[in-house]
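Please read the following report with the sequence and the three-dimensional view side by side.

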Amino acid sequence: MSELGYDEFYSSIGSIIMGGKTYRQLVNEISPDKWLYEGNPCYVYSRLLKDDNANVRFTSLPPSELLEKIRSEHSGNIWLMGGGEIISLFMKENLVDVYFVYIMPVLLGGGLKLFPEGFSETGLDFKSAGSIGDIVELIYHRT
């Protein structure tokens, strides 16, 4: 995905926040033998897991408090990684600055919503679009 700027994007990241489902998928299915985000502090929202390990700190802090904590301890951008549940927590408080949306060429006919209900309408400014193969990347900034 380097054609879409992943390397540049990742080099700007100072820390990562992900949802518990994303974390479990990552360590159980995607990369069970190697932590993919070595060197970046990672915070995982989880109601189930509580014991921090070498790779992550588990949290249930309110989004604004977690962002304040991370910004006081780490520099760089914060990557909010995961699905609709984790994103909606931050959208409800209008805390997401940049949206990277990827369109994959698969029509599911059903499934989970990209953005669940429960947050206020959010204005976005289109910044760029790119593609690699059949994948389209759209980047928007919050207005």
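The report covers a sheet, a loop residue, a pocket and the aromatic pairs, in that order.

This is a predicted model, in which local features need pLDDT of at least 70 and side-chain atom pairs count only at pLDDT 80 or more, while totals for chains, interfaces and linings use all residues. Residues are numbered from 1 along each chain as its sequence is written, and side-chain values use heavy atoms, with hydrogens and water left out.

**The sheet**

Strands here are DSSP runs of E with at least two residues, helices are runs of H or I with at least four, and both are numbered from the N terminus; two strands pair if DSSP finds at least two bridges between them. In the order S5-S7-S6, 3 strands form an open sheet with antiparallel pairing. Strand S5 (98–103) and strand S6 (124–132) are the edge strands, each of them pairing on one side only. On average, neighbouring strands of this sheet are turned by 20° against each other, direction ignored, where the axes are lines fitted to C-alpha atoms (for helices over the stretch in contact) and angles run from 0 to 180 degrees between N-to-C directions.

S5 pairs with strand S7 (residues 135–142) over 6 bridges in the antiparallel sense, and Ile103 has Val136 in S7 as its bridge partner. S6 and S7, which also run antiparallel, are joined by 8 bridges, and Gly130 stands opposite Glu137 in S7. The hairpin of S6 and S7 has 2 residues between the strands, and Gly133 takes a positive phi near 60° in this hairpin.

**The loop between S5 and S6**

Pro105 lies in the loop between S5 and S6. With a relative accessibility of 55%, Pro105 counts as exposed, given that buried means under 20% relative accessible area, exposed over 50% and partly exposed in between (1.4 Å probe, protein chains only). The C-alpha atoms of Pro105 and Arg57 are separated by 34 Å, and these residues are 48 apart along the chain.

**The second largest pocket**

A pocket is an open set of points on a 1 Å grid over the protein atoms alone, where a 1.4 Å probe fits, with protein on both sides within 12 Å along at least five of seven lines; lining residues have an atom within 4 Å of a point. The second largest pocket has a volume of about 260 Å³, the volume being the space filled by probe spheres set on the points. Its lining includes Val101, Tyr102, Ile103, Met104 and Lys113, and the lining residues divide into 8 nonpolar, 2 polar and 1 charged.

**Aromatic pairs**

Rings of Phe, Tyr and Trp (its six-membered ring) pair if their centres lie within 6.5 Å, and planes under 30 degrees apart count as stacked, over 60 as edge-to-face and the rest as tilted.

| Pair | Ring centres | Planes | Class |
|---|---|---|---|
| Tyr37 and Trp79 | 5.6 Å apart | 85° | edge-to-face |
| Tyr45 and Phe90 | 6.0 Å apart | 85° | edge-to-face |

Tyr37, in the loop between helix H2 (20–30) and strand S2 (42–45), and Trp79, in strand S4 (residues 77–81), are 42 residues apart, and their pair links distant parts of the chain. Tyr37 is buried at 9% relative accessible area, and Trp79 is buried at 17%.

Tyr45 in strand S2 and Phe90 in helix H4 (residues 84–91) are 45 residues apart, and this pair too links distant parts of the chain. Tyr45 is buried at 11%, and Phe90 is buried at 2%. One aromatic cluster includes Tyr37 and Trp79, together with Phe9, Tyr10 and Phe100.

Technical notes: Ala, Val, Leu, Ile, Met, Phe, Trp, Tyr, Cys and Pro count as nonpolar, Asp, Glu, Lys and Arg as charged, and the others, Gly among them, as polar.
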